[in-house]
Amino acid sequence: MPSFSTKRCVAHGADDVDEFVEQHLCHASKVLFIGTVGIEPTSVYFASKLAGTANVDFRFLIEQRTNTDKVVQELGDRHLQWLRDRLAASTCTFHDVEVIAKDGATVAGRNAASIASSWYDKAYSDIVIDGSGMSRGICFPLLRQAMEIGQTYNANVHVVVASNNHRTIQLQSESNDRADWIHGFQADMGLDAMSDALTLWIPQLSHGSSAQLDVMYRHLSALGVALAEVCPIVPFPSVDPRRGDELLFDYRSALRGDVGDERLNVIYAHEGDPMDVFHSIVRMENIRKEVFAATGKQAVSVLSPSGWRMGSLGMVLAAMALNLPLLYVETIGYTTTSPLPAPIDTPTADRKWHIWVAGSPYAV
Amino acid sequence: MKAQLGKLLLAELMGWDDAEATKEFAWLKTVVEYKYDHYQGYNPGSRFFVNLLAWLAQFNPADRQTAYKLVRHRLIYISQREIHHLVGLTLPRLRRDNRRAVSNELRIPMCASWGHSTAERRAKEMDIRTVFIGLSDGARTDVLRRLNEGVISNEQIVAATEISIEKWNKLRDELGKRLRLEVFTDSPATFERVCLVDDFTASGSSLIRRDNDGTWKGKVPVFINQMIKAERFGTHVTTDCVIQIHHYIGTEHSRDIIEQRLKEYKLHLGGLGVSFTATYSMVLPKSIVINDSSDPALVELLKRYYGKTCEDEHTDEDIWFGYRRCGLPLVLDHNTPNNSVALLWASSLRPHEETGHIMKPLFPRKKRHVEHGQSI
Amino acid sequence: MDNPFKKRATEYFDDPAALLSLVSAEPVRAFFSGHHEQLFDRPVTIVGTPGSGKTTLAQLLELDTLVALIQLARNNDNKNLAAELAHFRILEDLVPTVLAYRLPAGSTLRDIWQLPYSQSTRSALLRSFIQARAVLGWLRKLEKVQVKAHMVKVVTREDLETVRGIIKADDIGELRSYARDIEERIFRVVTALAPPGEAELATTGLSTTYQAFDAIEAFVVAEIPNVASSEIRLRPLFILDDAHELHPQQFKDIEQWFRNREMKIARWIVTRVDALGPDDFRAALRDDRQTAGTTPGRDHIYKLMQRDRKNRRAFRTVASDITKRYIEQMPALRRHVNNLESCLDARVPSLSPSDTEKLTQRVAATVAKAALPEQVRLQLERKIPAKLGHDQRQAVMRILVHREMKRTPQTELFAAFNEDEVESAPVEMNYTEGEEETGADKRKSAKSALIAGANIQLLHEFQRPYYFSFETVADASSDNIEQFIGLAGSLVDVIETRLLRNQPLWLDAKVQHQTLVKHASDMVAQWNFPHSEAVRKIVAFIAKRCVAKTMEPNAPLDDGANTFGVPQSEMDRLRKEGGLLIQVLHYAQAYNAFSLVEEYECKKRTWCLFELGGLPIIANGLTLGRGGFCEGHVSELMECLN
């Protein structure tokens with residue numbers, strides 16, 4: 001089955017997503033649903049919508065990190081129990097996935113893909129990756145894998161994400177001190193042939209990611225690649241109209257340049273709309289291709305998705321459509337000073353998105 | 001003025017020590033180069049620093065910190081590139097709404113419309129039969145055109161609401177050609193969707209309002225009246241067309257008001273089959289608004305240094321919180337709306353009667369007047 | 001780049017000339033002295049924390065940098081650096097002798113370990129990939145300096161004709177395309193979402209190793225344009241950087257592999273200090289102290305990028321050189337200033353009159369309470385150096401009085417100091433490197449340490465500035481170039497602001513102190529590496545204990561403590577048990593939060609010491625001198641983790 005492209009990408013937002021779940025997924029012949037037991041209640045939003053539907057096989061990953069706060073652990077346990085209570089035991093299974101190896105290497109994506117590979121079956125008409133509770137290092141490889149396998153089975157492949165404007169707890173994340181290519185998204189980075197390619201770095205800015213930006217910059221620098229330009233993506237429009245400006249100011253050191261420096265070119269993308277992120281990157285890539293084709297030089301754009309979920313979804317779409325590498329820094333643990341929030345029986349979501357990445361809409 | 005000199009004078013004016021100066025200079029370096037110096041209301045040679053110094057100098061030393069904080073922590077400056085990005089969000093929004101309309105028409109869920117040949121054809125037809133009309137210069141129809149080159153025809157985008165009959169006919173003819181090109185042989189060459197585009201609304205009053213005597217005024221009623229008078233409904237535009245009013249920037253306040261008023265206006269129109277919907281590329285949240293419950297020092301500053309001579313026959317009285325008390329700390333690249341707090345844009349014609357104070361603007365306003373006080 | 005102080009020392013420069021303008025010759029000299037022959041004929045493990053200068057060194061040795069240096073040297077620029085490299089035979093008559101290639105170990109190499117294959121297959125893949133990349137890298141470096149393919153010949157070992165044939169060394173084009181083929185095939189296996197099965201892999205021939213390192217001896221180049229027009233023989237140098245990012249098993253594998261004495265290429269492994277086990281680290285320390293000729297039989301060498309605190313003078317020289325160069329690159333500033341030292345007031349500050357009054361009263365009260373005989377009191381006063389300011393005199397007096405109160409006939413008036421030399425406090429610099437300290441010297445430095453202790457007490461009691469002067473900045477850098485640049489940079493920022501405000505370009509002790517303390521505190525607060533939160537807690541705990549010790553009225557450790565000591569046996573046990581604390585300690589060392597000194601003998605016991613790094617020291621108001629240590633237990637550190 002053909003898939004989305006830069007010219008056509010089917011997406012639903014807000015209540016249209018719920019309609020899609022009710023009208024399409026609930027009536028699909030057989031659905032493979034891959035999700036994560038997460039920290040926020042939105043991580044079980046879609047599972048709650050599909051609970052009771054006969055045709056769905058649920059597979060949940062539980063991300064294992066060494067550094068886990070008690071409150072965070074409890075929330076995970078709570079949502080695990082929530083799922084167990086509401087989903088028929090015969091249809092759902094839970095799987096631990098190690099995120100960071102003992103020596104500090106990031107192994108999340110590889111592990112997740114390896115675990116998930118055994119779940120696929122040509123009987124599935126629809127494959128859904130629920131990224132609501134998933135970290136990028138796991139969600140994106142699973143999505144790519146779903147697309148590759150799903151296409152050979154002629155299945156519909158979907159990614160869904162739900163989030164709330166306000167989190168129930170404030171998390172502080174501790175990042176790894178090395179940068180990694182998201183598994184399956186290394187493209188040709190690291191090959192000798194790319195050594196002299198001009199590199200354009202497109203990092204997505206979000207709150208609290210200054211250290212990661214720094215680590216990524218050093219990684220790119222250590223590769224010896226010529227970093228020709230840095231194009232930070234700032235959230236605009238945003239719930240906070242000043243957010244973009246503040247981020248650019250706060251991160252000018254991590255970006256090695258102040259706005260106004262030649263190398264820095266700001267890209268704007270809607271904070272809550274992954275399609276805008278996707279299209280903004282595509283637009284920029286088209287321009288870049290023209291420019292570099294004229295010079296005859298080889299150039300590559302490296303994308304770095306941030307923790308800002310909706311936006312990073314747009315990035316993975318761009319990475320898949322244009323075969324671009326994704327560089328990131330994995331989180332090795334979460335801590336919080338917030339108290340344990342009250343349990344929620346029926347999760348709600350302020351923001352929802354569904355992207356139909358492969359299948360019937362593209363068959364025309 | 002060179003940035004170096006500007007910073008030097010600023011530090012003196014503000015009484016900063018070295019540590020504070022170092023910190024603030026860093027912020028200013030970023031934001032001035034990035035945004036403030038590009039303000040179109042400035043003359044070359046007198047950009048941000050000059051204006052900031054003059055602005056701060058009008059305050060007593062004890063008040064300067066409060067004034068500076070307004071700029072440092074609350075000011076929202078939307079640059080040209082940012083506005084262009086908002087323009088770019090128009091079509092995706094429209095397309096999404098069109099698809100919903102098509103799905104409703106065919107009584108299928110939206111998710112089933114994708115790849116559904118009838119739905120896809122109908123959506124394409126709807127796209128072709130849409131006309132974009134800019135409600136003011138701020139609509140930037142040239143940018144809208146450029147960003148959507150190859151996707152929206154030039155003959156679908158028009159720059160002003162008072163379009164002549166010749167122009168309407170031309171639009172209709174071109175529409176007919178496009179429909180035939182795409183083999184929509186049965187479709188009438190009339191626009192079924194009119195997208196009225198404008199850049200900014202803070203109070204909704206220039207868009208649509210009801211005067212005390214019950215007459216509906218504002219850009220939308222003016223447009224509708226013109227269309228009725230010229231008998232466009234049924235000839236160039238369908239009688240049950242959807243009128244989508246899209247602003248690039250709105251506020252929560254204006255969004256609520258406009259929604260309410262459009263409902264009332266629709267009732268007022270009675271038999272006319274058109275429907276209205278209002279959409280925005282960006283909505284400024286209530287939290288940015290400055291009003292009586294904001295920081296007392298700031299409120300006091302805004303009032304104490306206010307001079308009535310900045311009012312004119314189009315504005316209300318006592319607009320220290322801006323026109324219609326919108327209380328916005330907002331500056332747009334090409335001009336500062338008068339819905340923003342007066343201290344940012346106002347200049348006094350004469351000294352204040354009692355205090356003798358003369359208001360100096362930080363981002364001076366060009367008065368581009370439309371009507372009823374609201375202008376941008 | 002307008003402010004080089006904002007540039008990270010760990011980063012690559014796009015342009016060799018930019019790098020050369022900022023590189024100092026001293027670290028190069030320090031690195032190569034005593035060993036330079038051996039650094040090229042046997043495996044070397046280079047150890048340092050991030051920012052210690054290892055990346056700069058690696059980049060310096062690359063061919064395009066050397067060529068740029070040669071061209072500059074011809075114009076009398078960077079002559080010192082060129083001279084040093086010539087001294088160590090890296091340049092001969094302004095012609096390079098080395099062809100270096102640096103491969104970062106992270107990502108792809110580490111990922112090989114995760115493949116679902118036997119250990120021997122994974123080892124073969126790792127070795128093949130490294131060698132293929134090295135061959136490609138060397139060829140690319142040659143290309144970069146305009147050496148054409150037909151001008152290059154590969155010299156292989158005489159007895160290895162077969163291998164020469166397999167890697168296609170006779171034809172550069174084929175050598176390259178074969179290496180590329182190997183590289184790409186392994187790369188695709190490693191980066192695939194789902195790798196092929198081992199059986200399938202065997203059919204591709206990738207399970208056997210591509211052997212280039214065994215065979216290659218040299219690259220002979222007909223000419224290097226603009227450098228040499230006659231034949232040059234280049235010795236290949238392979239540098240595996242950030243080797244701590246490999247899996248420990250891979251690390252061992254490679255170390256083992258590199259020990260093959262038959263290998264003719266030079267091979268270096270650059271790693272972070274926490275990747276070494278304690279035994280290896282001790283071996284590294286020993287190696288570091290050896291001089292030439294004492295290690296002929298060793299098959300492996302360690303080089304430390306960050307040396308003992310003994311060598312402060314050396315680092316001060318480096319620091320001074322670096323700042324000069326950096327300021328050179330700042331057009332506005334260099335018109336007014338050419339070195340940082342001249343902007344930093346080194347005059348000792350005094351307390352305000354009101355604080356002095358308070359202090360005097362407090363000391364008077366202490367003296368009164370001690371009820372010393374007048375003669376004793378005068379004797380104490382005479383011991384205090386005359387040139388000290390009134391406030392310092394008071395503070396020192398107070399300490400002496402407290403000591404007198406505690407004194408038994410057996411104890412010395414000046415507290416016992418550590419057996420090693422005592423570092424001078426910022427107040428006086430009596431230190432002479434390498435010479436044996438006489439008894440008189442020791443007493444003199446002990447006095448300095450006591451005065452420093454008094455000053456630190458005044459810091460805590462009255463906020464009297466303590467951290468100022470260029471030497472302090474250098475000493476606080478933990479021998480780490482990047483840390484130094486950060487500290488110096490914070491002062492340069494303030495100087496720039498003053499320049500902007502047309503104010504005099506010198507900073508008094510108070511401004512220096514406040515700036516440095518703020519910078520250090522911010523840096524510590526911003527630590528964001530694995531377990532940084534835990535590290536912060538441990539550092540806070542140690543600092544608190546050290547401050548308490550330092551503030552003891554009799555200053556038992558003279559200038560106070562900046563180190564926490566636990567019995568070595570407890571450390572050994574902890575190592576055996578493993579666990580979270582071990583991991584935390586690794587990262588703490590890697591990022592200069594503190595360093596570990598093991599097997600330390602003192603007071604007839606063996607200790608493991610946790611020496612705080614320069615930034616936590618400054619952030620908490622402790623001595624930068626050698627300092628003493630607080631005694632404690634591993635269990636207390638464990639408590640911090642809860």
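Visitor: Over which residues of chain C does pLDDT stay under 50, and how many contacts beyond four places in sequence does the model have for them?

Guide: This is a predicted model, and confidence is therefore read beside the coordinates, since local features need pLDDT of at least 70. In chain C, pLDDT stays under 50 over residues 410-437, for which the model has 58 contacts beyond four places in sequence.

Visitor: What is the mean pLDDT of chain C, and which of its helices have the lowest and the highest confidence?

Guide: Chain C has a mean pLDDT of 85, with 90% of its residues at 70 or more. Confidence in this chain is lowest in helix H13 (residues 278-289) of chain C, at a mean of 72, and highest in helix H7 (residues 108-113) of chain C, at 96.

Visitor: What are the corresponding values for chain B, and where does its pLDDT stay under 50?

Guide: Chain B averages 90, and 97% of the residues score at least 70. The stretch of chain B under 50 is residues 370-376, for which the model has 24 contacts beyond four places in sequence. For the model, the scores are ipTM 0.94 and pTM 0.89.

Visitor: How is a pair of packed helices described?

Guide: Two packed helices are described by the angle between their axes and by the distance between those axes. Here, helix H2 (residues 25-32) of chain C and helix H14 (residues 312-328) of chain C have axes that come within 8 Å and cross at roughly 145°. H2(C) contributes Glu26(C), Pro27(C) and Ala30(C) to the contact, while H14(C) contributes Ala314(C), Thr317(C), Val318(C) and Asp321(C). By class, this contact has four nonpolar, one polar and two charged residues.

Visitor: How is chain A divided into domains, and how many residues of each are in contact?

Guide: Domain 1 of chain A covers 10-169 + 341-362, and domain 2 covers 177-329. Their centres, taken over C-alpha atoms, are 26 Å apart. Between them, 20 residues of domain 1 of chain A are in contact with 19 residues of domain 2 of chain A. On the domain 1 side, H5(A) gives the most, with seven residues. That side has 10 nonpolar, six polar and four charged residues.

Visitor: How many residues of chain A are in contact with chain B, and which elements give two or more of them?

Guide: The contact involves 28 residues of chain A and 23 residues of chain B. On the chain A side, the elements giving two or more residues are strand E1 (10-13), helix H1 (15-23), helix H7 (243-250) and helix H8 (274-295) of chain A. H1(A) gives the most to this side, with four residues. By class, the chain A side divides into 15 nonpolar, six polar and seven charged residues.

Notes
Residues are numbered from 1 along each chain as its sequence is written. Chains are lettered from A and ligands numbered from 1 in the order in which they are written. This is a predicted model: local features need pLDDT of at least 70, side-chain atom pairs count only at pLDDT 80 or more; totals for chains, interfaces and linings use all residues. Domain bounds come from an automatic or database domain assignment. Two residues are in contact if their C-beta atoms, placed from the backbone, lie within 7 Å. Ala, Val, Leu, Ile, Met, Phe, Trp, Tyr, Cys and Pro count as nonpolar, Asp, Glu, Lys and Arg as charged, and the others, Gly among them, as polar. pLDDT is the predictor's confidence in each residue, from 0 to 100. Axes are lines fitted to C-alpha atoms, for helices over the stretch in contact, and angles run from 0 to 180 degrees between N-to-C directions.
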